[in-house]
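Keep the selection tool ready.

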Amino acid sequence: MEKGKGKCFDCKYLDRYFTKGIKQFNKTGYGWCCSKCCTVTVHDSCNNYKYRDRQKRSKLLIRYYLNDLLTEISAIRTVIEAQNNDETVDDM
């Protein structure tokens with residue numbers, strides 16, 4: 001292995017494929033390389049390798065999760081407000 005090269009499983013350009021198991025998603029040995037624009041095995045390597053910063057990725061996942069929660073809360077609020085408006089119309 002040449003200097004500067006690393007395995008794809010640790011590269012920031014790899015989006016690994018998963019299969020749905022009974023209780024969780026299972027990793028596969030393949031993924032999409034955003035740098036090469038093709039499917040690769042996780043044990044491949046190339047000159048475009050860049051180390052994946054784990055901390056930034058976890059912060060990104062938290063943002064997506066919080067965004068989904070805020071969307072659900074907004075939908076619930078809309079339903080509650082609609083019910084309150086219907087009740088006030090019925091009282092008159």
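Predicted model: local features only at pLDDT ≥ 70, side-chain atom pairs only at ≥ 80, totals over all residues.

The stops below go from the sheet to the core, then to the cysteines and the helix.

Stop 1: Select strands E2, E3 and E4. They form an open sheet in the order E2-E3-E4, with antiparallel pairing. Now find the edges. E2 (14-20) and E4 each have a single partner strand, so one side of each has no neighbour in the sheet.

**Stop 2: one pairing up close.** Keep E2 and E3 on screen. These two strands run antiparallel and are joined by six bridges. Select Asp 15 next. Which residue in E3 is the bridge partner of Asp 15? Look for Trp 32.

**Stop 3: the core.** Show side chains for Cys 8, Leu 14, Cys 33, Val 40 and Val 42. These five residues make up the largest nonpolar core. In soluble globular proteins, nonpolar side chains tend to be buried together. Now centre on Val 40.

**Stop 4: the cysteines.** A disulfide is a covalent bond between the sulfur atoms of two cysteines. How many disulfides are counted here? The count is zero. Check Cys 34: the nearest cysteine sulfur belongs to Cys 33 and is 6.8 Å away. Then check Cys 38. Here too the nearest cysteine sulfur is that of Cys 33, at 6.0 Å. For a disulfide, the two sulfurs would have to be within 2.5 Å. Cys 34 is partly exposed, with a relative accessible area of 40%. Cys 38 is also partly exposed, at 29%.

**Stop 5: a loop residue.** Select Cys 37. This residue sits in the loop between strand E3 (25-33) and strand E4 (38-41). Is Cys 37 buried or exposed? Cys 37 counts as exposed, because its relative accessibility is 54%. Look at the backbone too: phi of Cys 37 is near 60°, a positive value in a residue other than glycine.

**Stop 6: the helix.** Move to helix H1 (residues 54-91) and select Arg 77 and Glu 81. The two lie four residues apart, about one turn of the helix. They form a salt bridge, with the closest N and O atoms 3.0 Å apart. The count for the model is one salt bridge. Arg 77 is exposed at 56% relative accessibility, while Glu 81 is partly exposed at 39%.

How values were computed
Residues numbered from 1 in each chain as written. Heavy atoms only, no water. Core = buried A, V, L, I, M, F, W, Y, C linked by side-chain atoms within 4.5 Å. Buried < 20%, exposed > 50% of the residue type's maximum accessible area, 1.4 Å probe, protein only. Salt bridge = Lys/Arg side-chain N within 4 Å of Asp/Glu carboxyl O. Pairing = 2+ DSSP bridges.
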